[in-house]
Amino acid sequence: MLTLASKLKRDDGGKTGRASGASDSTHRVSIRDRLLTKEVAELEANLPSTCKASFPDEDKLHHFQLAVSPDEGYYQSGRFQFEIDVPEAYNMVPPKVRCLTRIWHPNITENGEICLSLLREHSIDGTGWAPTRTLKDVVWGLNSLFTDLLNFDDPLNIDAAEHHLRDKVELCVVQLSAFIR
């Protein structure tokens, strides 16, 4: 069976220009880092207009921040910062994502934990992480948390969801009473 590790090792043979006796560990690039090189280029080419990725250290593509500024919906005109850490076992495990901006959101706790199915390592419904997913999927998913993936029916932050639903009913009553007058 051909694995990515063996393919990368075979492809590297003779291309690195190593002196004989040089240590493999000093010249080896991890599979994660090779994947990230390609995925970051794809991500930058396909970044939603409401998102901006920043890399504090350009040599560490596995750690970056994402700013999401929704242009519609409840969170319109807000700016929300996320920290994304890609573990060494990527792409077999999902990136670790945390919201740095304190927010009242049904799918984000006040501590920054995020409920997004594609970030689940194991998912019963089959919508969790899979090795075929990429950073682009993660960024688009985080962006969608502020629009079409806003989920009040299965919230992580129950108080925020209940507050929204309660205020939504009050808002409908006020709008209906204004219409009847």
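Reader: In this predicted model, which residues of the largest nonpolar core touch the most other members?

Author: The largest nonpolar core of this predicted model holds 34 residues, and those that touch the most other members are Leu66, Phe82, Val97, Ile108, Ile114, Leu142 and Phe146. At least two residues of this core come from each of α3 (31-45), β1 (51-54), β2 (63-68), β3 (80-85), β4 (96-99) and α4 (135-144).

Reader: Which residues is leucine 142 in contact with, once its neighbours within four places in sequence are left aside?

Author: With those neighbours set aside, leucine 142 is in contact with Leu66, Phe82, Ile84, Val97, Ile114 and Leu116.

Reader: How should I read the packing of α3 and α4, and at what angle do they pack?

Author: In general, two packed helices are described by the angle between their axes together with the distance between those axes. Here α3 and α4 pack at an angle of about 40°, with their axes 8 Å apart, which makes α3 oblique to α4. On the α3 side the meeting residues are Leu36, Glu39, Val40, Glu42 and Leu43, while α4 brings Leu135, Lys136 and Val139; by class, this contact has five nonpolar, three charged and no polar residues.

Reader: Where does the pLDDT stay under 50?

Author: As a general rule, where pLDDT is low, the predicted coordinates should not be read in detail. The chain averages a pLDDT of 81, and 76% of the residues score at least 70. Over residues 1-8, however, pLDDT stays under 50, and the model has seven contacts beyond four places in sequence for them; residues 14-25 are likewise below 50, and this stretch has three contacts beyond near neighbours in sequence.

Note on methods:
Residues numbered from 1 in each chain as written. Predicted model: local features only at pLDDT ≥ 70, side-chain atom pairs only at ≥ 80, totals over all residues. Heavy atoms only, no water. Core = buried A, V, L, I, M, F, W, Y, C linked by side-chain atoms within 4.5 Å. Buried < 20%, exposed > 50% of the residue type's maximum accessible area, 1.4 Å probe, protein only. Helix = DSSP H or I, 4+ residues; strand = E, 2+ residues; numbered from the N terminus. Contact = heavy atoms within 4.5 Å. Axes fitted to C-alpha atoms, helices over the stretch in contact; angles between N-to-C directions. Parallel < 35°, antiparallel > 145°, perpendicular 65-115°, else oblique. Nonpolar A, V, L, I, M, F, W, Y, C, P; charged D, E, K, R; others polar. pLDDT = per-residue confidence, 0-100.
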